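Hi,

Here is the structure I promised to send over. Have a look at it first, and then read on for what turned up.

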Amino acid sequence: MRILLDEENLGWNEAYDITSRVFNYTNHTVMHEALESWPEQLFKSMLPRVYAIIYEINERFSQKLWKKFPEDRDKISHMSIIAYDEIRMANMCIAVCNTVNGVSQLHGRILKTRTFRDFM
């Protein structure tokens, strides 16, 4: 997104469309506690432009979540990319990537029914 926005001068929608069609996510863990996350303030101080882009992705994704689950604040917080002072990389991948899968068929089933069930 950063390269498409800042170096190729594409608009947000076009950059996001390309990004979401190009990237796929293979998850390697089924445990929530093992999913990568970063302290929000550390990320923001080290990578301010990337943080700004992730923040905007989160805002747009959260708007979709509010439309789909208008009364379920806990679910939305759980699914958000940025929440509880952290950036959740797996949630961002699910929100943006073209496809998401596990490393095996069984692993993929566990991701759908347990780890990321709220996203289904």
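Which residues in α2 meet which residues in α4? Keep in mind that this is a predicted model. On the α2 side they are Trp 12, Asn 13 and Tyr 16, and in α4 they meet Ile 53, Glu 56, Ile 57 and Arg 60. By type, the residues of this contact split into four nonpolar, two charged and one polar. As for the geometry, α2 covers residues 12-22 and α4 covers residues 48-68, and their axes come within 13 Å and cross at roughly 85 degrees. That puts α2 roughly perpendicular to α4.

Next, the sheet. It is an open one built from three strands in the order β2-β4-β3, with antiparallel pairing. The edges belong to β2 (37-39) and β3 (82-83); each has a single partner strand, so one side of each has no neighbour in the sheet. Between β2 and β4 (residues 86-88) there are three bridges, in the antiparallel sense, and Pro 39 sits opposite Glu 86 in β4. Helix α6 (residues 89-96) packs on the sheet, where it touches β2 and β4, and its direction makes about 45 degrees with that of β4.

For Cys 93, the nearest cysteine sulfur is that of Cys 97, 4.6 Å away, whereas a disulfide needs the two sulfurs within 2.5 Å. Cys 93 is partly exposed, at 22% relative accessible area, while Cys 97 is buried, at 14%.

Cheers

Notes. Residues are numbered from 1 along each chain as its sequence is written. This is a predicted model: local features need pLDDT of at least 70, side-chain atom pairs count only at pLDDT 80 or more; totals for chains, interfaces and linings use all residues. Side-chain values use heavy atoms; hydrogens and water are left out. Buried means under 20% relative accessible area, exposed over 50%, partly exposed in between (1.4 Å probe, protein chains only). Axes are lines fitted to C-alpha atoms, for helices over the stretch in contact, and angles run from 0 to 180 degrees between N-to-C directions. Helices (H or I, at least four residues) and strands (E, at least two) are DSSP runs, numbered from the N terminus. Angles under 35 degrees count as roughly parallel, over 145 as roughly antiparallel, 65 to 115 as roughly perpendicular and the rest as oblique. Contact means heavy atoms within 4.5 Å. Ala, Val, Leu, Ile, Met, Phe, Trp, Tyr, Cys and Pro count as nonpolar, Asp, Glu, Lys and Arg as charged, and the others, Gly among them, as polar. Two strands pair if DSSP finds at least two bridges between them.
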